Amino acid sequence: MAEKYFVHESSYVDEGCEIGEDTRIWHFCHIQSGARIGAGCSLGQNVNVSNNVVIGNGCKLQNNVSLYEGVELEDHVFCGPSCVFTNDLTPRAKYPKGRANYKKTLIREGASIGANATVVCGHTVGRWAMIGAGAVVACNVPDHALMLGVPAKRAGWVCQCGARLRPDGITFLRCSSCGRNYKQETDEQIKEI
């Protein structure tokens, strides 16, 4: 039976992986055993998916992204070129801790990680959040937050469509691109209305 996904001939897929329908794995990628990749994903050149990593449906990983064990991407996550994920806060070559001690990192539905950004392990990036290029995330990120800088700080809010939200009154935010409306519930939380 023919596979319902595409793997370029230069890439390696180890035994024991699950890959969803219509997923495309391009040049020089390595998918390690136990990895689960959803349907409709695109993995660019030189992507490494380590053991037991989970990738949801409709995710897009640009060139040179490595997802280490302990990282999970929910549906429709975008990982920009060369963005970085870690899984050990205190690594030592001489004293490896092993998989039982890796810190978990969760990237929630629709979040975008910019080119060359780093997400330090043990944190959650909220739904539809946007991490700017080169930012270093060392804290949990609220849903819809725009995070910029080193270390990354919230610099505003973004819509589900990706546009920056603008104030429309004291507690309301409006997307000038798609027209969605949000209400700021607290300093660290907004909700679509």
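R99 counts as exposed, because its relative accessibility is 53%, where exposed means over 50% relative accessible area, buried under 20% and partly exposed in between, with a 1.4 Å probe and protein chains only. The model is predicted, so local features need pLDDT of at least 70 and side-chain atom pairs count only at pLDDT 80 or more, while totals for chains, interfaces and linings use all residues. Residues are numbered from 1 along each chain as its sequence is written, and side-chain values use heavy atoms, with hydrogens and water left out.

**The chain as a whole**

- The protein chain has 0 helices and 26 strands; helices (H or I, at least four residues) and strands (E, at least two) are DSSP runs, numbered from the N terminus.
- The radius of gyration of the protein chain is 18 Å, which agrees with the value near 16 Å that a compact globule of 193 residues would have; this radius is taken over C-alpha atoms, and the globule rule is 2.2 Å times the number of residues to the power 0.38.
- Taken along the principal axes, the box that the C-alpha atoms of the protein chain fill is roughly 55 × 45 × 25 Å.
- Of the 193 residues of the protein chain, 41% count as buried.
- Among contacts in the protein chain with a separation of 6 or more, 16% are between residues 24 or more positions apart, a contact meaning heavy atoms within 4.5 Å.
- The protein chain carries 20 positive and 19 negative side chains, and the centres of the two sets lie 8 Å apart; Lys and Arg count as positive and Asp and Glu as negative, whereas His and the chain ends are not counted, and each charge is placed at NZ of Lys, CZ of Arg, CG of Asp or CD of Glu.

**The parallel sheet**

- An open sheet is formed by 6 strands in the order β3-β6-β9-β12-β15-β18, with parallel pairing; two strands pair if DSSP finds at least two bridges between them.
- Its edge strands are β3 (18-19) and β18 (124-125), each of which pairs on one side only.
- Strand β3 is joined to β6 (residues 36-37) by 2 bridges, and the two run parallel; within this pairing, E18 has R36 in β6 as its bridge partner.

**The hairpin of β25 and β26**

- Strands β25 (residues 181-186) and β26 (residues 189-192) run antiparallel and are joined by 4 bridges, and the hairpin between β25 and β26 passes through 2 residues.
- The bridge partner of Y182 is E192 in β26.

**Loops and backbone details**

- R99 lies in the loop between β14 (84-85) and β15 (105-107), and, leaving aside its neighbours within four places in sequence, R99 is in contact with N52 and E69.
- From C-alpha to C-alpha, R99 and D88 are 9.5 Å apart in space, and they are 11 residues apart in sequence.
- Most residues other than glycine have a negative phi, and most peptide bonds are trans.
- The peptide bond from V150 to P151 is cis, with omega near -10°, and P151 is found in the loop between β21 (145-148) and β22 (153-157).
- D22, in the loop between β3 and β4 (24-25), has a positive phi near 65°.
- N46, in the loop between β7 (42-43) and β8 (48-49), has a positive phi near 65° and is partly exposed, with a relative accessible area of 40%.
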